[in-house]
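Take a look at the sequence and structure first, then read on.

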Amino acid sequence: MAIKPLSNRVVAKIEQPQEKTASGLLLGTAKEAPAFAVVESVGPDVKTIKKGDKILYKEFSTNKVKLDDKEYIIVEEKDILATL
């Protein structure tokens, strides 16, 4: 089942923070890890974000949804801070 966002909303799959570097060093855990996600779908009024973009978003302005054991967020385009 796919989530189809309305208006200026974006659906993205939450990306878990890395636990190791490429060379194998273990990373510590921060109290507030950056909020990253990969865009799965966009609403018809979204202007600057497209499917597949990696985004940085305001963590407390999202709605979290769990569907088929995967965790997604729904966020308005104005609450996306940057693409990576």
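Among contacts in the protein chain between residues at least 6 apart in sequence, what percentage join residues at least 24 apart? It's 58%, with contact meaning heavy atoms within 4.5 Å.

## Ground rules

This is a predicted model, where local features need pLDDT of at least 70, side-chain atom pairs count only at pLDDT 80 or more, and totals for chains, interfaces and linings use all residues. Residues are numbered from 1 along each chain as its sequence is written, and side-chain values use heavy atoms, leaving out hydrogens and water.

## The sheet

The protein chain has 6 strands and 0 helices (DSSP runs numbered from the N terminus: E, at least two residues, for strands; H or I, at least four, for helices). The strands make an open, antiparallel sheet in the order β4-β5-β1-β2-β3-β6; two strands pair if DSSP finds at least two bridges between them. β4 (63–67) and β6 (80–83) sit at the edges with a single partner strand each, so one side of each has no neighbour in the sheet.

Zoom in on β1 and β2: they pair antiparallel over 5 bridges, and A12 stands opposite V39 in β2.

## The core

The largest nonpolar core has 13 residues, and I55, Y57 and I73 have the most contacts inside it. Such a core is a set of buried Ala, Val, Leu, Ile, Met, Phe, Trp, Tyr and Cys residues joined through side-chain atoms within 4.5 Å, where buried means under 20% relative accessible area (1.4 Å probe, protein chains only). β1 gives the most to this core, 3 residues.

Buried residues make up 27% of the 84 in the protein chain.

Definitions and conventions: Buried means under 20% relative accessible area, exposed over 50%, partly exposed in between (1.4 Å probe, protein chains only).
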